[in-house]
Amino acid sequence: MLTFVSFMEDLSKNYEPAAVEEKWTRHWKEKKYYKSVPDSRQPFTVVIPPPNVTGVLHMGHTLNETVQDILVRKARMSGFNACWVPGSDHASIATEAKVVNMLKERGIDKNSLSRAGFLKYAYEWKEKYGGIIYSQIEKLGCSVDWDRVTFTMDDSYYKAVMKVFVDLYGKGLIYRGARMINWDPAAKTALSDEEVEYRDLRGKLYYIRYAITDEKGNEISHPLTGEKGIVIATQRPETIMGDTAVCVNPNDERYAHLRNARAVVPLINRSIPVIFDEYVDPAFGTGALKVTPAHDINDYNLGLKHQLEVVDTLNADGTLSEAARIYIGEDRFAARKKIIARLAAEGYLVREEEYDTRLGYSQRTGVVVEPRISTQWFLKMKELAEPALKAVLDGDIHIHPGDKFLATYKYWLENVKDWCISRQLWWGQQIPAWYDEKGNVVVAENKEAAKKLYADRLGVQVDADDMLTQDEDVLDTWFSSWLWPMEVFKGISDPGNKDIQYYYPTSVLVTGQDIIFFWVARMIMAGLEYNKEKATGKAVPFKDVYFTGMVRDKQGRKMSKQLGNSPDLLKLIDDYGADAVRFGIMISSPAGNDLLFDNASLEQGKFFNNKLWNALKLVRIWKLRVDGTLPDEDHFATQWFESRLNEVKAGVEKLFREFRLSEALKTIYSLIWDDFCSWYLEWVKPGFDESISAGVYNKTVAYFTELLQLLHPYMPFITEEIYHLLKDRKEDLCVKQFPAVGVVNNAKLGEGELLKQSISAIRDTRVKNGIKMKEEITLDIETSDIEKYESIRAILLRQVNASSVHIADTVEKAGLSLVVGKDKFYVHSTLPAADHSAQKEQLEKDLAYQKGFLASISKKLGNERFVQNAKPEVVELERKKMADAAAKIRAIEESLTQLR
């Protein structure tokens, strides 16, 4: 015989997530629910923004992957062929830095290795650490297709990148030239403009006196003041050894006497010309500018214009070069301190002053970026940017939230610059350009093709492998990842294949706001460039872009390893469970808004898990008390909850269409915690030693099932577990299709709201007047609408422990009075007469609130502009609010009169 003990012994007191998560992860993988192949269904395609192969999931990733999984699971349960492609990015700069550090720990200098030798170690490192992030993605519950894992250095992906480079070069969009670029001294590589982060900070200006001479080297002074030399302000005294001119404005009369004069660079005594150019602002600093063409883009342009010498005083690692002549080999910032001290000691330093400035830092390594003249490869962007901007403005791609990020996207594309795509690294796709000993270059996808092209072009047969040498540089990592939505389906390496035709364009891209231009805009450019033959709708790489916000700590700081404020995801999952982590990060993250991460939200998720678990235990107990002989009459609670469930289902569908996923979760959470657990289960719960009808029990199980299904995309593990514990099932919840949204009975919803308000008000009155719940009461209700209480009468009696209720349009004004809506309630107790001061105080508070509310509504309706311009239904609603408030005021005032 099935007993209560045996029926419940398999359920723990509280929900224990670890074993459940391991069980369902294994089961779902064995069933291959996440594997997708083209079929007759409509595809729903998502490609994961590839995290760095060096990395582990931080909280930003956690938010991003959770959002994607919610969308993918929802689509899979809505009839779509959901395909979520996982993968990782080779991350040239970050990975090479990790490998170099590994080699140092082994006592190996990178420079002692050949390129092939270094790459052997790089792949060793990748194989050892590259899978960590995948295990974390799985631990979080992400339903990715593990058969489609893609890495940007996979052989086919590598070939796709080469193919695109050669194609764009052939179209004249890729070129090579010497330019002033951003240089990362730590990584010793070029950076694109977009990889430089500018920070506002407080800096120092150093005012330095340069001696002035005539062409023969004789010192000269100002003809009117007799002042010798010229004072120049700079924030970078460590670069003065690279000065090749001093520049002043030709209209600045202070320096008119300096025509044909020369300046002497302090410390190294190099003579340089004084030049005149209107570029100099006479009002800034002293109106005189030191020109250092090798270390400033504006100085570089001045140098080109005036044909100045270029003296590069810095090595690739940020130390002073031999051209500096002093402090050779010392770090730039250490040298700055020594140079300032020496300038002061030798009388060149006039003064120092603080000022506000902006300084560029490498996104990759965090070091101060150096402007540097370097020969690099560039991609012309203007031609590619125009159609990418048009695609968004014309609505082919929708940005969410558009009001926040559309302007940013538009700004980037309207102000686009050529993209420096070469990097001075070994880890990455090596640029497919080959040079002969004379510097002639051919661009081809591989060496064999390069030999043939070289022979065809120059008429010289390439007999030896060393006749052509491949470019040492690799491509910017973004140059591979901008092909991601296409090449994960082999759209570049194998164009027109079955997968690319079925899955492309993808459905939605979920990513962070900080890479709008780095990645999002460039993917759109690449998609449009390589799908020109398709209709506009098929050319774009995705139809929607959902931008998540930045995850910050409670103090509003961006999470980072340096600050030590980024929690360990795996530890959070161990402590709270994956579902609670997913819940916690989603409940407080409206699309595009920054999220202040707090463990309290994970605690809330953990409590929610236990609330669901306790609801399961309660409903399972009822199974032992089902009486099939009881009539299956319609129960008000089941009628009300069916309408409430359908109302929420329709609302959630709308919120998903608008990508308001956090709001959808809050709606589902409230439906389960408040409406289902706090109200519905209480209303249908059988009394002590009572039975429950089969009809009510079966509907309760059905409603619980639909709630689990609604919640499943957000919290997949606990919902799947409860789904199977609630009832024996053959089908798994993760692939169960959502039923259609049913009819909403608004009248039932109104009656349910009245029931909740009535129960709450009477219970509150009991508490304030010291009437315990076990004490039976009687109840009189005065209302102009008696019928609305008929369907809820029985539940009201039981929930407030009333022996009877009398409902009429006029009742005896006796007992404890309270107001619910426009109706007056009178509670009668067998206890001695109580002190009514608390009741009176509450009624007076309610009266003050209603009078304030009525005044605000009256003011609004008294505004002619509002009445004339607002929609008629809006005005009518405000008038109804005013009438209801007036009725409530009358009812409260009558109740107060009874208490006086």
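This is a predicted model: local features need pLDDT of at least 70, side-chain atom pairs count only at pLDDT 80 or more; totals for chains, interfaces and linings use all residues.
Local features were taken only at pLDDT of at least 70 and side-chain atom pairs only at pLDDT 80 or more, whereas totals for chains, interfaces and linings use all residues. Residues are numbered from 1 along each chain as its sequence is written, and side-chain values use heavy atoms, without hydrogens and water.

The cysteines come first. A disulfide is a pair of cysteine sulfur atoms within 2.5 Å. The search of the whole structure found zero disulfides. For Cys 734, the closest cysteine sulfur belongs to Cys 142. The two sulfurs are 14 Å apart, which is too far for a bond. Burial was judged by relative accessible area: under 20% is buried, over 50% is exposed, and values in between are partly exposed (1.4 Å probe, protein chains only). Cys 734 is buried, at 2% relative accessibility. Cys 677 is also buried, with a relative accessible area of 10%.

The backbone was examined next. Most peptide bonds are trans, and most residues other than glycine have a negative phi. A cis peptide bond joins His 400 and Pro 401, with omega about -10°. Helices (H or I, at least four residues) and strands (E, at least two) are DSSP runs, numbered from the N terminus. Pro 401 sits in the loop between β15 (398-400) and α11 (402-414). Another cis bond runs from Tyr 504 to Pro 505, where omega is near 5°. The loop holding Pro 505 lies between α15 (498-503) and β22 (506-512).

Positive phi values were found in residues other than glycine. Asn 260 has a phi near 70°. Its loop lies between β9 (245-248) and β10 (262-265). Asn 260 is exposed, at 59% relative accessible area. Phe 659 has a phi near 60°. Its loop lies between α21 (636-657) and α22 (661-684). Phe 659 is buried, at 9% relative accessibility.

Helix α22 packs against helix α23 (residues 694-711) at an angle of about 165°, with the axes 11 Å apart. Axes are lines fitted to C-alpha atoms, for helices over the stretch in contact, and angles run from 0 to 180 degrees between N-to-C directions. The pair is therefore roughly antiparallel. Angles over 145 degrees count as roughly antiparallel, under 35 as roughly parallel, 65 to 115 as roughly perpendicular and the rest as oblique. Contact means heavy atoms within 4.5 Å. Residues making the contact include Leu 665, Ile 668 and Phe 676 of α22 and Val 696, Tyr 703 and Leu 707 of α23. The contact residues divide into 14 nonpolar, one polar and one charged. Here Ala, Val, Leu, Ile, Met, Phe, Trp, Tyr, Cys and Pro count as nonpolar, Asp, Glu, Lys and Arg as charged, and the others, Gly among them, as polar.

Helix α20 (residues 599-623) and helix α24 (residues 716-726) pack at about 5°, with their axes 10 Å apart. These helices are therefore roughly parallel to each other. Among the contact residues are Leu 612, Trp 613 and Arg 620 of α20 and Ile 718, Glu 721 and Leu 725 of α24. This contact divides into eight nonpolar, one polar and two charged residues.

Lys 554 lies in the loop between β24 (551-552) and α18 (569-576). Lys 554 is exposed, at 60% relative accessibility. Leaving aside neighbours within four places in sequence, Lys 554 is in contact with Phe 597 and Asp 598.
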